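Hi everyone, thanks for coming. I'd like to walk you through a structure that may be new to you, so please have a look at it with me.

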Amino acid sequence: MAESQTSTETDWVSRFADDVIAESERRAPGKPVVVASGLSPSGPIHLGNLREVMTPHLVADEIRRRGLTVRHLISWDDYDRYRKVPAGVAGVDASWAEHIGKPLTSVPAPTGSAYPNWAEHFKAAMAGALDELGVEYDGISQTEQYTAGTYREQILHAMRHRADIDAVLDRYRTKKDPAGGGGGQGTGGRKPQQQKKVDEAELEAAEGSGAADEDDGSGNSAGYFPYKPYCGNCEKDLTVVTSYDDDTTELNYTCSACGFAETVRLSEFNRGKLVWKVDWPMRWAYEGVIFEPSGVDHSSPGSSFVVGGQIVREVFDGVQPIGPMYAFVGISGMAKMSSSKGGVPTPADALEIMEAPLLRWLYARRRPNQSFKIAFDQEIQRLYDEWDSLARKVADGSVLPADAAAYARAVGTAAGELPSTPRPLPYRTLASVADITAGAEDQTLRILSELDPENPLTSLDEARPRLDRAESWITTQVPAEARTIVREESDKELLGSLDEQGRESLRLLLEGLDSHWSLDGLTTLVYGVPKVLAGLAPDAKPTPELKAAQRSFFALLYRLLVSRDTGPRLPTLLLAVGADRVRRLLAG
Ligand SMILES: [Zn+2]
């Protein structure tokens, strides 16, 4: 770290911001700082690829907080070829295979889509999630750039220097590339991450990546050409350049898909693109990118980041961006039933079950080289507990500096605070209430108001949007067999089989119900009944015998209320069931 840095913040975002600002000042003094991400809308954009955006976003946001101007470019790699038909996408069938090889913007959108083509359809979902996450960016459609001739000079330059490019690529051709070619455009991320352990959905995403068959322009008997036209007849990229004249820029190609051949002038032709390993470094130079991270597989020899670093310097007279490798982000426990959008969890899916600040926090608190999982399973409740505990530490000033920085980056951006929940009731409580009420609003309001009778909730809006997220989690992620179903009728057989001790415990509970009707009160009551039965004072220290008695008392209550041995925390469950029904189920 430079000693001149006065920043007191100690998190990774600040440290990258320091480096990026210094590098930008060195390379382009007085100019806006440029950071970049790339996304390929080749299908539903996988939640794992969000790190491609969040890493530069957080750094860009820190730079904005310091009062500097930043451009965060998101390159929509929508001029990439359509590689395969993703499975399980609504409105898409096997007939989409006929479009393989065309640019993503030339493939029809799924049936029923409001968008004009495939790429726009999947971009829209991602753009919606990025808005909700507070990500400020300049989106660049590579279809627009290429078809407008924006990169004309760079394409002609690359073609003139094709022998130099070929020589750089040749340095790596003999080496084994563990990433299988590296730098293909994945479903969602243009830089698919090497994954050791993959679940079905991740495998699906990786399959779509085409990393293994990424064409770098080699293997052409007519010579090496870093440019590929899309066919003028069938629009596919199964073309082979057969000759090129540097002086006239005349290029001949034939299409192996339909047999079409034509002669074009690259000085005026706009229907083709540079191969990936040349395209990426070309754009680093063209945009002056200072910071662009990529997936971990890009550290391998022959990967597009490594090769690109040489091409940008030797061919485009540019400099490689600061490019940390980010580690894999996994998903834990996404229910199959919710993978209706192509079998992969998307950022929009995550935002249905958690608030944007929580999702931002997951990225802000971990260094890019640390992998982590995004919880769609029970773990989300523990995560929310941790988040609420952090918020309390921030409020009372006991928070550690790095944790405070991560919190600040999560709850807002340089532009301001993100929407939050006015009364952030514990997520696990909201989830339990949603579980038991199945979303009935009047019942939900009644229960949530009774949690803290001194300070009752007056409207469900106070608990939103967190309440809505917890309800979505229950309905989309918790399997039917794990849902809580409150008994309609009392379990007469079980009640009849109770001994004196059991009957007395229920009598004590029912007797105290009205005077303890709040979350805290019922907590005291359910733990207190076994103490009273054992002849102990209400504040008695728990002994092993007492703990065993409490466990069996709780199990009895669960069986009588929900016919199972466990369930939502008992105080929440009792409030949710309601005093009258509790009496009916426990008194027989
Ligand atoms: Zn063709």
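This is a predicted model: local features need pLDDT of at least 70, side-chain atom pairs count only at pLDDT 80 or more; totals for chains, interfaces and linings use all residues.

Let's start with a pair of helices. Helix 14, residues 427-437, packs with helix 21, residues 570-577, at an angle of about 40°, and their axes are 10 Å apart. Because of that angle, helix 14 counts as oblique to helix 21. If you look at how helix 14 and helix 21 cross, the crossing is right-handed.

Now for a second pair. How far apart are the axes of helix 12 and helix 13, and at what angle do they pack? Helix 12 covers residues 379-396 and helix 13 covers residues 401-411; their axes lie 10 Å apart, and the angle is about 110°. That is why helix 12 is described as roughly perpendicular to helix 13. On the helix 12 side, the contact is made by Trp387, Leu390, Ala391 and Val394, and on the helix 13 side by Asp403, Tyr407, Ala410 and Val411. Here the contact residues of helix 12 and helix 13 divide into seven nonpolar and one charged, with no polar ones.

You'll find His99 in the loop between strand 2, residues 70-76, and helix 3, residues 118-132. Is His99 buried or exposed? His99 has a relative accessible area of 10%, and the cut-off for buried is under 20%, so His99 is buried. What is around it? The side chain of His99 makes a polar contact of 2.8 Å with the side chain of Lys102. If we set aside neighbours within four places in sequence, His99 is in contact with Tyr82, Val107 and Pro108.

Finally, let's step back to the whole protein. There are 22 helices and 15 strands in it. The protein has 588 residues, and 54% of them count as buried. And if we take contacts between residues at least 6 apart in sequence, 72% of those contacts join residues at least 24 apart.

How values were computed: Residues are numbered from 1 along each chain as its sequence is written. Side-chain values use heavy atoms; hydrogens and water are left out. Helices (H or I, at least four residues) and strands (E, at least two) are DSSP runs, numbered from the N terminus. Buried means under 20% relative accessible area, exposed over 50%, partly exposed in between (1.4 Å probe, protein chains only). A polar contact is a pair of N or O atoms within 3.5 Å; within protein, one must be able to donate a hydrogen and the other to accept it, and residues adjacent in sequence count only if both atoms are side-chain atoms. Contact means heavy atoms within 4.5 Å. Axes are lines fitted to C-alpha atoms, for helices over the stretch in contact, and angles run from 0 to 180 degrees between N-to-C directions. Angles under 35 degrees count as roughly parallel, over 145 as roughly antiparallel, 65 to 115 as roughly perpendicular and the rest as oblique. A crossing is left-handed if the near helix is turned anticlockwise from the far one by less than a right angle, and right-handed if clockwise. Ala, Val, Leu, Ile, Met, Phe, Trp, Tyr, Cys and Pro count as nonpolar, Asp, Glu, Lys and Arg as charged, and the others, Gly among them, as polar.
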